[in-house]
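Dear colleague,

Please find below the structure that I am handing over to you. A summary of the findings follows it.

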Amino acid sequence: MDSVEVPVSEGTRIFLNFSLSLEDGSEVDSNFGGDPVDFVFGDGSLLPGFEHLMLGMTAGQRDLFTVAPENAFGQPNDNNVQAIARDHFDDDIVLEPGLVFSFADASGGELPGMVLSFDEAEVQVDFNHPLAGRTLVYDIEVVSIAPGTDENTADTNTHIG
C-alpha cells in the first residue's frame with residue numbers, strides 16, 4: 001500500500017522539532033536533540049504567525065523563517081508597564097532590574113512581570129511579553145504529519161516558543 005504524503009494543513013497533527021532564536025543568534029528555546037513536540041494545526045496552541053509558516057510543509061522538510069514582531073509577540077505596549085506600590089513586595093525581597101515575578105491576573109491566572117526600576121514608594125513592572133518587539137528566527141523541522149481525524153485532535157503535547 002502506497003503512503004500518501006500529507007502536507008501541513010488545517011486539522012493535521014504535526015510532529016516537529018524547532019528552535020526559536022533572536023536575530024543575533026541567541027537561542028531562546030529549542031527541542032532539537034529531544035523528542036518532537038506535536039500539535040493540531042488550528043487548535044490555538046501556537047501563535048498564528050508561527051503556525052502559518054508551516055502551511056504546505058511536508059514530513060522531512062526543514063526551513064528557517066524570520067518572523068517580524070507583528071507576527072510573533074507584537075510590539076511592546078507602554079500600557080503594560082505598571083507602577084506597583086513597594087509595600088506589595090515582601091521586605092525581604094531584594095529588588096533589582098530584570099527580576100521576574102509572577103502576579104495574579106484578574107481571572108486568577110498567573111502573569112509574569114519584570115522589574116524595570118524601583119524606589120522607596122513604587123516598583124515599575126513590565127508585563128509585556130519578554131520577546132515583544134523582537135524579530136525572531138524560527139527553525140522548523142517537520143518530523144511527521146498525521147491527517148486530521150477526531151483521534152488526532154484529542155490531545156496535544158505542545159510547548160513551542
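Is Asp 139 buried or exposed? With a relative accessible area of 12%, Asp 139 is buried; here buried means under 20% relative accessible area, exposed means over 50%, and partly exposed lies in between, with a 1.4 Å probe and protein chains only.

Before the remaining findings, a note on their basis. This is a predicted model, in which local features need pLDDT of at least 70 and side-chain atom pairs count only at pLDDT 80 or more, while totals for chains, interfaces and linings use all residues. Residues are numbered from 1 along each chain as its sequence is written, and side-chain values use heavy atoms, with hydrogens and water left out.

Overall fold

The chain has 1 helix and 9 strands; helices (H or I, at least four residues) and strands (E, at least two) are DSSP runs, numbered from the N terminus. Along the sequence, their order is β-β-β-α-β-β-β-β-β-β. Of the 161 residues of the chain, 35% count as buried.

Salt bridges

Side chains of opposite charge can pair when their charged atoms come close. A salt bridge is taken as a side-chain nitrogen of Lys or Arg within 4 Å of a carboxyl oxygen of Asp or Glu, and the count comes to 2 salt bridges.

One of them joins Asp 139 to Arg 62, at 2.6 Å from N to O. Asp 139 belongs to strand S9 (residues 136-146) and Arg 62 to strand S4 (residues 62-67), so this pair ties together parts that are 77 residues apart in sequence. Whereas Asp 139 is buried, Arg 62 counts as partly exposed, at 44% relative accessibility.

Arg 13 forms a salt bridge with Asp 38, and their closest N and O atoms are 2.3 Å apart. Because Arg 13 lies in strand S1 (residues 13-22) and Asp 38 in strand S3 (residues 37-40), the pair ties together parts that are 25 residues apart in sequence. Both Arg 13 and Asp 38 are buried.

Two phenylalanines

Phe 15 is also placed in strand S1 and is partly exposed, with a relative accessible area of 26%. Phe 15 and Glu 141 are 126 residues apart in sequence, yet 8.7 Å apart in space, C-alpha to C-alpha.

Phe 89 is found in the loop between strand S5 (81-85) and strand S6 (100-104). Phe 89 counts as buried, at 5% relative accessibility. From Phe 89 to Val 123 there are 34 residues in sequence and 8.9 Å in space, C-alpha to C-alpha.

The largest pocket

The largest pocket holds about 180 Å³ of space. On a 1 Å grid over the protein atoms alone, a pocket is an open set of points where a 1.4 Å probe fits, with protein on both sides within 12 Å along at least five of seven lines; lining residues have an atom within 4 Å of a point. The volume is the space filled by probe spheres set on the points, which are joined across faces, edges and corners.

Among the lining residues are Val 100, Met 114, Asp 126 and His 129. Strand S7 gives the most to this lining, with 3 residues. The lining divides into 6 nonpolar, 3 polar and 1 charged; Ala, Val, Leu, Ile, Met, Phe, Trp, Tyr, Cys and Pro count as nonpolar, Asp, Glu, Lys and Arg as charged, and the others, Gly among them, as polar.

Yours sincerely
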